[in-house]
Amino acid sequence: MDKTKIIVVEDNIVYCEFVCNLLAREGYHTVQAFHLSTAKKRLQQAADGDIVVSDLRLPDGDGIDLLRWMRKEGMTQPFIIMTDYAEVNTAVESMKLGSLDYIPKQLVEDKLVPLLRAILKERNIGRSRMPVFARNGSAFRKIMHRIRLVAPTDMSVLIFGENGTGKEHIAHHLHDKSKRSGKPFVPVDCGSLTKELAPSAFFGHVKGAFTGADSAKKGYFHEAEGGTLFLDEVGNLAPETQQMLLRAIQERRFRPVGDKTDKSFNVRIIAATNEDLKTAVNEKRFRQDLLYRLHDFEITVPPLRDCQEDIMPLAEFFREIANNELECKVSGFSSEARKALLTHTWPGNVRELRQKIRGAVLQTQTGLVTKEHLELAVTKPASPVSFALRNDAEEKERILRALKQANGNRKVAAELLGIGRTTLYSKLEEYGLKYKFEQP
């Protein structure tokens, strides 16, 4: 058992002892609070990973007051309400404020421990993911602003971006910052789902539904109940699957294969794609009505070549991870290696960068990574890359960023921009930047 503490808030001393003993038998560490005021003191000393289990009615307030105070104070610990049956409506209201669940007291002995296990399992899955680096480039600051805006809502979000840009990490950010963060995050690889497998995969099936269905199976919608369903590369879904998915989303209900009754669901849907779905709609490969359902809000993740200022910080981040994983002591990158990293076109984006850094660290073992260790293939982009120039305002901004990356060296800046030095000189003249970055 980890160091997670369960803070049990219950004014009935006998019942509080009963709950704490129940949890102690399962190996949980518990802290007791008999009043709202005491609970607040306990929470001021609590760790972010602790969990609150609170009675709804307390002598000096109620559990909803405690939950409201916690969220106002920025405390995000999972919160579970214990209720009597007569208070279920009030408990449901508490979930709108961000409580994870409510349990009738008559069922605490059966349901509390499994719920805590589910919370900790989901937390451990999150910890096992590759750490997310806080990118500080201008593009990602805008993305994080959009995440902060939409995360607390239940709006569906469609994430656009090339392969390897980190669309699933963005989806995890959205889930982690939402009111559903304590519930499951269920990723679905849409590219692996055939039209035959999709109904059972999404909605589950009952025992005997078809040949080989020897037992019942839960589908993705059931697994994600209360949380987030992430549809990765949603553009790869077969037309039949798109229609099936559309109907479920519209009606907020689904029917497991072989079952006779529908089941309702409460999940938030985040989808991602590396293709232009509007083009897919025009070409009759994707349903327009499904696109509308998935596209309440949009986040576009730029390719790494358009986020030049993030390359070296990411490279250093991946170097540290690789050092830990491979037990190496690589201290940094040579000047030639840094230049190679900054001028490479990164067709595989962040995923490719991580793979190259990991391989380079393994070869280097100690000291500095060299250009040769990186093993970067020479690529000739079909169009201007890196600071690809789209309009005057963007062009000027990217030239300035390239010059900043190059410490004012126009030759290196031109290489970063993927243009010739003569072209760069013309642009500097055009924007009145010619003398600002002259070398002494």
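Strands β9 (residues 185-189) and β10 (residues 228-232) pair in the parallel sense over five bridges. Here, two strands pair if DSSP finds at least two bridges between them. Helices (H or I, at least four residues) and strands (E, at least two) are DSSP runs, numbered from the N terminus.

Before going on, note that this is a predicted model, in which local features need pLDDT of at least 70 and side-chain atom pairs count only at pLDDT 80 or more, while totals for chains, interfaces and linings use all residues. Residues are numbered from 1 along each chain as its sequence is written, and side-chain values use heavy atoms, with hydrogens and water left out.

## Strands and their neighbours

β10 also has a partner in strand β13 (residues 268-273), and these two pair in the parallel sense over four bridges. In this pairing, L231 stands opposite A271 in β13. How many residues of β10 are buried? Four of its five residues are, so to speak, under cover. Buried means under 20% relative accessible area and exposed means over 50%, with partly exposed in between (1.4 Å probe, protein chains only).

Now look at strand β3 (residues 51-55), where five of five residues are buried. In a regular strand the side chains alternate between the two faces of the sheet. Both faces of β3 are covered, with I51, V53 and D55 on one side and V52 and S54 on the other. β3 runs parallel to strand β1 (residues 5-9), joined by four bridges, and parallel to strand β6 (residues 79-83), again through four bridges. Find V53 in your viewer: V8 stands opposite V53, and V53 stands opposite I80 in β6.

## A helix with two sides

Helix α2 (residues 36-44) has the buried residues L36, A39 and L43. Seen down the axis of α2, these buried residues fall within an arc of 55°, so they line one face of the helix. The arc is that of the directions from the helix axis to the C-beta atoms. On the face turned away from the buried side, α2 carries the exposed residues K41 and Q44.

## Rings that meet

A pair of aromatic rings is described by the distance of the centres and the angle of the planes. Rings of Phe, Tyr and Trp (its six-membered ring) pair if their centres lie within 6.5 Å; planes under 30 degrees apart count as stacked, over 60 as edge-to-face and the rest as tilted. The structure holds 11 aromatic pairs, and two of them are listed here.

| Pair | Centre to centre | Angle between planes | Kind |
|---|---|---|---|
| F203 and F221 | 5.5 Å | 40° | tilted |
| F221 and F254 | 6.1 Å | 35° | tilted |

F203 lies in helix α8 (residues 198-203) and F221 in helix α9 (residues 220-223), so their pair ties together parts that are 18 residues apart in sequence. One aromatic cluster is formed by F202, F203, Y220, F221, F254 and F265.

Elsewhere, the charged end of K105 sits over the ring of Y15, 5.1 Å from its centre. That wording applies if NZ of Lys or CZ of Arg is within 6 Å of the ring centre and within 35 degrees of the ring normal.

## Nonpolar cores

A nonpolar core is a set of buried Ala, Val, Leu, Ile, Met, Phe, Trp, Tyr and Cys residues joined through side-chain atoms within 4.5 Å. The largest core has 36 residues, and F318, F333, L341, L353, I357, L374 and I399 touch the most other members. Which element gives the largest share of this core? It is α13, with eight residues. A second, separate core of 33 residues includes F160, A224, L246 and V267.

Most residues other than glycine have a negative phi, and most peptide bonds are trans. N349 is not a glycine, yet has a positive phi of about 60°. N349 is in helix α15 and, at 0% relative accessibility, counts as buried. E375 has a positive phi near 50° and is found in the loop between α16 (371-374) and α17.
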